[in-house]
Amino acid sequence: MSTRREFVEGTASGVAGIAFVGCSLAAAATPAQAQTRRREVVVNGRRVKTVDVHAHCAVPEAMALMGRQVQPQALLMSRPVDRIRAMDEQGIDVEALSINPYWYKVDRDVARELIRIQNEKLAEACAATPDRFVAFASVALQHPDLAAEQLEEGVKKYGLRGAGIGGSVNGEDVSDPKFHPFWAKAEQLGVLVFMHPQADGAAADLRGRFKGSGGLDNTIGNPLETTIALSHLIFEGTLDRFPGLKICAAHGGGYLPSYADRSDAICTTFPDRCTRPLAKKPTEYLRQLYFDSLVFTPEALRHLVAVTGPGQIVMGTDYPYPWTKTSVDHILGTPGLSDADRAVMLGETAARLLGIKG
């Protein structure tokens, strides 16, 4: 196996094999230099490097292994120059790229090749513009031992900064003991695991209830998937077994932080239903997890800070899905935050977790 240095030195200057997409769609990309003047974010007179931990992309060559095709009609931006221009306009210095899992049903051989292609292309994209992009490795979590190998290879060979995973795997919760080899490897490497919900998770389980207006499979289904996943990681003792895990949940952690006290109350009101002894109260685990800031309003962000602490929140945009173009201003404009709070949420915590220098 080649080393990370050998891989980077052999990387092509272009990133033609990667496409920037919203949640699960892809398009071709070509390298270019953005012309927009970069907005520099300043907090109390000090320049802050901003980091977006929640930015999607896809690799068409990998998708082709599953017979999937790029869908350009659904794209928001198709070239790196467009993405960098948007970053510059919004005041985002670095994006952490991730690919939403769509490969959890494939066999081991296909999964191995698909992930190899994706992680190589992610590394190429980051190497082409290293001051603007880092990436999370893809892993085949349906094969937990292979996922652990892929994570280690992604970090040590390709220079990727962690792993992107779904909230469940083919109906199985990520707290299941079968996934312990992956969690053990993530803890050993000390890297961040970014968890993003999938359409075939809770949304698929409740498809009949989500019919009708409102896009409820996304509106409710996505946050619900994350809420269930985090709750299982807490109540099944996964976070006790692997206390060094660094997990970041998309969309502000779903509904869990908004109604976290009920998780404490269930164990005091109906103690027989909390069948596994925990090292601390359920709500206390929220202060060892990380959450992105995509919660839409100043009051929602204020509450998230109150529940988890400002050091547990990192900026997320869901780019290029058009939920927000004001993630920086959301953090800057939320009342009650100190300058130090704003700086850690805008980028200092994410930079530390992802090994971003400068």
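Is D329 buried, exposed or partly exposed? D329 is partly exposed, with a relative accessible area of 36%. By that scale, buried means under 20% relative accessible area, exposed means over 50%, and partly exposed is in between, with a 1.4 Å probe and protein chains only.

Colleagues, the structure above is a predicted model, in which local features need pLDDT of at least 70 and side-chain atom pairs count only at pLDDT 80 or more, while totals for chains, interfaces and linings use all residues. Residues are numbered from 1 along each chain as its sequence is written, and side-chain values use heavy atoms, with hydrogens and water left out.

I turn to charge pairing. Side chains of opposite charge can pair when their charged atoms come close. A salt bridge here is a side-chain nitrogen of Lys or Arg within 4 Å of a carboxyl oxygen of Asp or Glu. The structure contains 20 salt bridges.

One of them joins D329 to R39, at 2.8 Å from N to O. D329 sits in helix α13 (residues 327-333) and R39 in the loop between β1 (19-20) and β2 (42-43), so this pair ties together parts that are 290 residues apart in sequence. Helices (H or I, at least four residues) and strands (E, at least two) are DSSP runs, numbered from the N terminus. R39 is also partly exposed, at 27% relative accessible area.

Next, consider K121. Its salt bridge with E61 has the closest N and O atoms 3.9 Å apart. Since E61 belongs to helix α2 (residues 60-64) and K121 to helix α4 (residues 108-128), the pair ties together parts that are 60 residues apart in sequence. E61 is partly exposed, at 34% relative accessible area.

K121 also meets E124 in a salt bridge of 3.7 Å, N to O. Those two residues are 3 apart in helix α4, or about one helical turn. E124 counts as buried, with 14% relative accessibility.

Salt bridges also link R38, E40, R47, D88, D93 and R132 in a network.

K157 lies in the loop between α5 (144-156) and β8 (162-165).
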